[in-house]
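Subject: Structure handover

Hello,

I am passing a structure on to you, with some notes. Please look through it before reading on.

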Amino acid sequence: MLTLQIVPYGEIANLSSLGRIRKLLNIAKENKIVLLQGRLKKEEEAELIKATMEEINADFKGIELAVINPEEKKAAMLDKVKLGLANVLLGDRQGLTVIGPANIVKEIKKDPDKIQLFTQDLKKKKR
């Protein structure tokens, strides 16, 4: 069974960078696909990938990660300034981040306006 876990940005807003990474990685390690409101900082994304690489073993094959932020490119200059100010004050709540365990996520296709996630059947793979 495929499990999606939606994580509102408010659930990670007050965590440290390491706390955010651990929370998201732990959910992915439970074979759940994480749908995070907003996005991590670039440094946090890099640290999440680094932490994932350190924890790869026979049971955990890593993660697939995709971020979509359609408002950013289409916004006019004044709107970009407003979004930037809102991000500074409230955190990076724009967009959507998808994080899934690599043993379940077969492929993530991303274009500027959408993310397509293809999964593989975990039961078939174990046979």
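Predicted model: local features only at pLDDT ≥ 70, side-chain atom pairs only at ≥ 80, totals over all residues.

Residues are numbered from 1 along each chain as its sequence is written, and side-chain values use heavy atoms, with hydrogens and water left out.

The sheet is open, with 4 strands in the order 1-2-4-3 and mixed pairing. Strands (E, at least two residues) and helices (H or I, at least four) are DSSP runs, numbered from the N terminus, and two strands pair if DSSP finds at least two bridges between them. Strand 2 (residues 32-37) and strand 4 (residues 96-101) run antiparallel and are joined by 4 bridges. In strand 4, Thr-97 stands opposite Leu-36.

Helix 2 (residues 17-29) lies across strand 1, strand 2, strand 3 and strand 4, and runs at about 150 degrees to strand 2. Axes are lines fitted to C-alpha atoms, for helices over the stretch in contact, with angles from 0 to 180 degrees between N-to-C directions; contact means heavy atoms within 4.5 Å. Helix 3 (residues 42-55) also packs on the sheet, where helix 3 touches strand 3 and strand 4, and its direction makes about 170 degrees with that of strand 3.

Asn-31 is in the loop between helix 2 and strand 2. Its phi is near 60 degrees, a positive value in a residue other than glycine.

Regards
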